[in-house]
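I opened my notebook to look up one residue and what surrounds it. Here is what I wrote down.

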Amino acid sequence: MDGEGDAAMATEGLEWKFSQVFGERAAGEEVQEVDIISAIEFDKTGNHLATGDRGGRVVLFEKADRVDHGVHRRVLEGMDCSSSRHPEFRYKTEFQSHEPEFDYLKSLEIEEKINKIRWCQTANSAMFLLSTNDKTIKFWKVQEKKIKQISNLNVDPSRSMNNGFVSSSNVPTSIKACSTNGGSIDNPLSCRGNNFSFLPGGITSLRLPMVTSHETSLLARCRRTYAHAHDYHINSISNNSDGETFISADDLRINLWNLEISSQSFNIVDVKPANMEDLTEVITSAEFHPSHCNMLAYSSSKGSIRLLDLRQSALCDTHSKLFEENEAPGSKSFFTDIISSISDIKFSKGGRYILSRDYMNLKLWDINMGSGPVATFQVHEHLRPKFECCLSGDGQRVATGSYSNTFRVFGCSEGSSEATTLEATKNPTRRQIQTPPKLLRSPGNHSHGVNKREGSDHNSGGVDTNGNTFDLSTKLLHLAWHPNENSIACAASNSLYMYYA
């Protein structure tokens, strides 16, 4: 769908295969709460992947080249380096991003759980990323540092004492002479009281120490901390395409930050009413446009998406465009208000489309059409908040998670019937279900938005619309699509699974 005006071509269903897994638990092994993954994000190149967990840790993975760099060029030329070779990632490093805190003024415990991770622009081979918990955002720099070591000494460092030098009373006669000028026999080099002596047997020449680098180590350093700007829990952070600013959103406000300034932020959206009893909706997700630095969108608990233009005013009280579906007369109820709440939104790579996820549906919106979504994908009847969504780099497919550690992939081009359900295991097709997607393609006709077969017929807690049992205790909330390839990373509890097609 990201041809940006070109006619979309029908796509065939992809055959998904298991790629690799990190942190898979053994049968009967109990998973610690702090190890459960709570955020996942590819960088723009797709060469790095970051995950955050409930223990406040951020783990980085990098794309591994499966071909040995030491192989001769002629060997490489003779090898089959076809595009069918799937991407493979390896562990790179990890660091503790957030610690548990306590707000004494509000008597409030602040969890260390990572809510969101966003990659920033790289510079000088260093990696930069933002991570946030409920209250505090941190800007991290991860860079390789050379470990330097002193070598070429006359003495053996392994025999050094607490003062850093080798203890011995055997000193060559020629060096003891320096003691006549106020020095010390135990200090033959400087004659200034440094308790230094040489190994038994003496020396014939004095070698100057040299500093050599033997290996490199990744060091994560927190460059800035953006705190004390949100009264409510932060649910979103998003980088601007200008590379200088980012936004953070909580239930009632969106703040604009400069990456270089942590002491102040600008409030650009405030939906808090004068009387909290008049509150009708809250902000659930916010994201900058991928290429226009003046545009951003945020979703609400009432199922609407607002597109904002920062050029209109400093405080975006009014939106430039509103995307929402008008309910049929008489269909409004307390239940529909709950299930219409949007838990996540994502811009497509080109920025023309917005993908949203509510309790039961994925919806694809064209920012040039405010009358309704161009496609609606009914995912599941028994959903809970915070299921994330993602798009493929070419915009031809969308994906989201569900219960029983499953995720669903839909083809969203015109004429596509792709709808694949896979389980987050080493055998993803074990419970694969190929069913035509229940989608709506006519933006103006909202009365067909709910398929009658997927209505209240299957409202039992353990059976989906296809008659398959599911487990409400296991759910796949977080997933990310590689920006350039058909590769998906998804988090099932503390395990990171990766698949390719």
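I found Arg118 in strand E8, residues 116-119. Helices (H or I, at least four residues) and strands (E, at least two) are DSSP runs, numbered from the N terminus. I noted that this is a predicted model, where local features need pLDDT of at least 70, side-chain atom pairs count only at pLDDT 80 or more, and totals for chains, interfaces and linings use all residues. Residues are numbered from 1 along each chain as its sequence is written, and side-chain values use heavy atoms, with hydrogens and water left out.

Is Arg118 buried or exposed? I looked it up: Arg118 is buried, at 12% relative accessible area. Buried means under 20%, exposed over 50%, and partly exposed in between (1.4 Å probe, protein chains only).

Next I checked the side chain of Arg118. It makes a polar contact with the side chain of Glu41 at 3.0 Å. It also reaches the backbone oxygen of Ile237 at 3.2 Å. A polar contact is a pair of N or O atoms within 3.5 Å; within protein, one must be able to donate a hydrogen and the other to accept it, and residues adjacent in sequence count only if both atoms are side-chain atoms.

Then I turned to a sheet. It is open, has 4 strands in the order E12-E13-E14-E15, and pairs antiparallel. Strand E12 (236-239) and strand E15 (261-270) are at the edges with a single partner strand each, so one side of each has no neighbour in the sheet. I saw that 4 bridges join E12 to E13 (residues 245-249). Two strands pair if DSSP finds at least two bridges between them. Asn239 has Phe246 in E13 as its bridge partner.
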